[in-house]
Amino acid sequence: MSPSEEHHLQDDLEAMADGGRALSPARREALQQHIDSCQACQAALHDTQAALAALNSEDLQPSEGFDAALYAKLDAIDAEQPSSFWANFRHWLTPPRLYALGAVAAVTLVVIAASQSGGLSEPETSAPLAQAELLDLVQDQQMYESLELLRDLDMLEDLEVIEALDLEEG
Amino acid sequence: MMVRFVKTRDRRLFDELFRRYRNRMVAYAGRYVRSRPQAEELAQEVFVRVYTSKKFEARATFKTWLYRVATNVCLNELRKPEHKNRIEPMENDEVESGLGGSAETPEGQLHGRETSMRLHTVLHSLPRNQQAAFTMARLEGLSHAEISEALSLSVPAVKSAIHRALEALRAEVSRLSEPDALTPETVS
């Protein structure tokens, strides 16, 4: 028997120790025929079954006070951890709630921004805003005119310089 | 459910998990320490760890994660010096081992208990992975895939660990089957 065949046989013998339920019916029958004619496999199967039987004690069941003892420990753990507002808030702030809060904040910001730009303003509030814009325009116009005046003044000065030069040359 | 419990700390979710697995965990711990008070103590430690756990990855099943926690708790307990060479027989030990001696006679029962204690001693002397894989597979009925997840081993490694454990136990059974293997001095 090759090492590979022997390995498979060991696996199957272990399965046979459990009654062979994990094996196919054909494999189980073939293996049983082999075991019937092989003393080494008979001994191996017997020893495996004996080991499992000796180790397989009935399950222990929890005693009556088991649950109470555990919950007393859990209560003690909870009592050690002060339930602060922020601790509660952290527990409350699960990812879905965090996303919902973010969405509400985003919508609020959009509404504020839109109202400041006039996009969503009511008709009665648009007049004062228009006046303010007009005032800005007037102020801008005055500034432009001042600039033009300054430019003109510069030009006058230039002319005066040219005239003075002409007079000197003349 | 464990994922929701870690997020919400809702004790009702914990109660449900506890209700489902309390018996299983006491029985599992009992396979290592073989004493009801100690098994209950260890099972409680397992559930305290569940209760105080800060994270749980949803890709693992709760069952295999719980067995991983329980295995660590139990094997760490067995490392303590007071457990060295101290395998106690349990009242519910299977006494019909098939190794000579009928369970119907006092001598046969004593023989069966001694065999059980010897095999538990062998089992507890094995490497951690072999001990845990064998216990989960042969005594708890977990599948190879579940054990693979619980112990973070490949399925072939799990099969190999179980096979090696069984070989060691079979060798002990074979030795005990020899005449005079259990002398009156050893069966005390």
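# Two chains of helices

Helix 4 of chain B has its buried residues covered by, among others, helix 2 (11–33), helix 3 (36–52), helix 6 (128–139) and helix 7 (144–151) of chain B. Helices here are DSSP runs of H or I with at least four residues, strands are runs of E with at least two, and both are numbered from the N terminus. A buried residue has 20 or more other C-beta atoms within 10 Å of its own; an exposed one has 12 or fewer, a partly exposed one falls in between, and C-beta atoms are placed from the backbone.

This is a predicted model: local features need pLDDT of at least 70, side-chain atom pairs count only at pLDDT 80 or more, and totals for chains, interfaces and linings use all residues. Residues are numbered from 1 along each chain as its sequence is written, while chains are lettered from A and ligands numbered from 1 in the order in which they are written. The model scores ipTM 0.75 and pTM 0.65.

## The two chains

The table sets out both chains. Its pLDDT column gives the predictor's confidence in each residue, on a scale from 0 to 100, as a mean.

Helix 4 (residues 66–80) of chain A has the highest mean, 90, and helix 7 (residues 123–169) of chain A the lowest, 60. Residues 121–125 of chain A stay under 50, and the model has 3 contacts for them beyond four places in sequence. Two residues are in contact if their C-beta atoms, placed from the backbone, lie within 7 Å.

Among the contacts in chain B with a separation of 6 or more, 57% join residues 24 or more positions apart.

## The nonpolar core

A nonpolar core is a set of buried Ala, Val, Leu, Ile, Met, Phe, Trp, Tyr and Cys residues joined through C-beta atoms within 7 Å. The largest one has 50 residues, and A:A51, B:A29, B:A70 and B:A133 have the most contacts inside it. Helix 8 (residues 155–177) of chain B gives this core its largest share, 8 residues. Domain 1 (1–86) and domain 2 (99–188) of chain B both contribute residues, so the core lies between them. The domain bounds come from an automatic or database domain assignment. In soluble globular proteins, nonpolar side chains tend to be buried together.

B:A29 touches B:A39, B:L42, B:A43, B:A70 and B:C74, leaving aside residues up to four places away in sequence. B:A70 and B:C74 are among the buried residues of helix 4 of chain B, as are B:T64, B:L66, B:Y67, B:T71 and B:V73. Helix 4 (residues 62–78) of chain B has 17 residues and reaches 24 Å from its first C-alpha to its last. That is close to the expected 24 Å at 1.5 Å a residue, where the expected span is 1.5 Å times one less than the number of residues.

## Helix 7 to helix 8 of chain B

Helix 7 of chain B buries B:I147, B:E149, B:A150 and B:L151. These residues pack against helix 4, helix 6 and helix 8 of chain B.

B:S152 sits in the loop between helix 7 and helix 8 of chain B. B:S152 counts as exposed because it has 11 C-beta neighbours inside 10 Å. Its phi is positive, about 55°, although B:S152 is not a glycine. Most residues other than glycine have a negative phi.

B:V158 belongs to helix 8 of chain B. It counts as buried because it has 26 C-beta neighbours inside 10 Å. Leaving aside residues up to four places away in sequence, B:V158 touches B:A133, B:H144, B:I147, B:S148, B:L151 and B:L153. B:V158 and B:H144 are 14 residues apart in sequence, with 6.5 Å between their C-alpha atoms.

## Where the chains meet

The contact takes 28 residues from chain A and 37 residues from chain B. On the side of chain A, helix 1 (3–17), helix 3 (39–55) and helix 4 each give two or more residues. Helix 3 of chain A gives the most, 10 residues. By class, this side of chain A has 14 nonpolar, 9 polar and 5 charged residues. Ala, Val, Leu, Ile, Met, Phe, Trp, Tyr, Cys and Pro count as nonpolar, Asp, Glu, Lys and Arg as charged, and the others, Gly among them, as polar.
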